[in-house]
Amino acid sequence: MQRRLTVVEGMALAYDIAKEWEQIKNFQARDGDILIDTYPKSGTTWMQEIVDLIMHDADEQACRRGPVYERIPFIELFHLMKPGIEEVNRMPSPRILKSHLPVQLVPQSFWEHNCKVIYVARNARDTVTSFYHFDHILLFHPHPDPWEKYLERFMKGDVGWGSWYDHVKGFWEAQGKHNILYVFFEDVKKAPLQEIRKVAKFLGKNLSEETIEKIGRLSSFEYMKKNPMANYSDFPKEILDQSEAGFMRKGKVGDWKTLFTVQQNELFEEDYQRQMAGSSLKFPVGK
Ligand code: PPS
């Protein structure tokens, strides 16, 4: 792995991903595929677990059939780990897939097949905080220290998968055009059962309250952290070095307060207002 980024179609992307860009861009989605798309560190894995549980009527054993990144493969990593593109092409429908690509770079075939897309957005401050910690252990991104510089890079979109601001606004605006359910991390945290119900309805699943409650339990932070099929403990070490810190970190809203100084918060806010100006997108909490 190389700890460096390169620019692809206007977006900063890990060099090791960018070199297979044509394969990623030309990924062939089919009718019925479900895509979970997010900016990194926004609750992707949490939503993956929720969607898999919904699709399997909360059957715990079925959802332990493999690690989450094998049950719900990550489009950008097919060339770097299992499952590869051939295995994914052989997966029975409906497939559930993961991506961090911004709306304009999602493989066209998803839109051609009118696939359902669940987008999870997390407030910017908690996202950059989580990303900063994660980029210490993710071996295809530049080392993030010092924090002050990382925060500047985030504001400029000079981190893996580019600008958070463009990402969250892009999917927000695309809702009228495509089959997108826009979910906030903070809402799932505050009212998990309500959000699980919403996702189930979007996926056309009519589940009992008992099943919804079971999904809430099996997708809680505490449960997932202990579940080897959800906590990334077996993820390839060449990509993720978890010798000092694990994937499941804190799972909280407001952890940014442990990193931002008062001055950084003010500068961030000023820049935020500028970058989000004119957008009707408002986050539930996080400031
Ligand atoms: S990735 O690598 O981009 O796919 O990461 P992603 O899964 O999007 O985000 C990881 C953060 O989500 C937290 N997480 C959870 N929070 C609450 N509840 C549950 N069940 C849950 N599962 C994962 C995880 O801890 C990361 O956030 P931080 O703030 O770093 O703890």
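**Cavities, pocket and sheet in a predicted model**

Q: How does the lining of the second largest cavity divide by class?
A: The lining of the second largest cavity has six nonpolar residues, one polar and no charged ones. Here Ala, Val, Leu, Ile, Met, Phe, Trp, Tyr, Cys and Pro count as nonpolar, Asp, Glu, Lys and Arg as charged, and the others, including Gly, as polar.

Q: Before I go on, what kind of model is this?
A: This is a predicted model, in which local features need pLDDT of at least 70 and side-chain atom pairs count only at pLDDT 80 or more, while totals for chains, interfaces and linings use all residues. Residues are numbered from 1 along each chain as its sequence is written, and side-chain values use heavy atoms, with hydrogens and water left out.

Q: What volume does the second largest cavity have?
A: About 40 Å³. Grid points are joined across faces, edges and corners, and a volume is the space filled by probe spheres set on the points.

Q: How many cavities of 30 Å³ or more does the search find?
A: Two in the whole structure. The largest cavity holds about 50 Å³ of space, and its lining is made of Glu 49, Leu 53, Glu 60, Cys 63, Arg 64, Leu 218, Tyr 223 and Asn 227. By class, that lining has four nonpolar, one polar and three charged residues.

Q: Now the largest pocket: how much space lies in it?
A: About 700 Å³. The pocket is lined by 45 residues, and Lys 41, Thr 45, Ser 130, Phe 134 and Phe 247 lie nearest its centre.

Q: Which elements give two or more residues to that pocket's lining?
A: They are α3 (44-55), α7 (124-137), α10 (185-190) and α13 (221-226). The largest share, five residues, comes from α7.

Q: Changing topic, what's the strand order in the open sheet of four strands?
A: The order is β4-β3-β5-β6, with parallel pairing; two strands pair if DSSP finds at least two bridges between them. β4 (96-99) and β6 (180-184) are the edge strands with a single partner each, so one side of each has no neighbour in the sheet. From one strand to the next, the twist averages 20°.

Q: How many bridges join β3 to β5?
A: Five, between β3 (residues 34-38) and β5 (residues 116-121), which run parallel. In one of these strands, β5, Lys 116 is the bridge partner of Ile 34.

Q: What does helix α9 touch on the sheet?
A: Helix α9 (residues 164-174) touches β3, β5 and β6, and its direction makes about 135° with that of β6. Contact means heavy atoms within 4.5 Å. Axes are lines fitted to C-alpha atoms, for helices over the stretch in contact, and angles run from 0 to 180 degrees between N-to-C directions.

Q: And which strands does α11 touch?
A: Helix α11 (residues 192-202) packs on β5 and β6, with its direction at about 170° to that of β6.

Q: For backbone checks, where is the cis peptide bond into Pro 83, and what's its omega?
A: The bond from Lys 82 to Pro 83 is cis, with omega near -5°, and Pro 83 is in the loop between α4 (68-71) and α5 (85-90). Asp 145 and Pro 146 are also joined by a cis bond, with omega about 0°; Pro 146 is in the loop between α7 and α8 (147-156).

Q: What about phi of Glu 9?
A: Phi there is near 45°, a positive value in a residue other than glycine. Glu 9 lies in the loop between β1 (5-8) and β2 (11-14).

Methods:
On a 1 Å grid over the protein atoms alone, a cavity is a set of points where a 1.4 Å probe fits but cannot get out, and a pocket is an open set with protein on both sides within 12 Å along at least five of seven lines; lining residues have an atom within 4 Å of a point.
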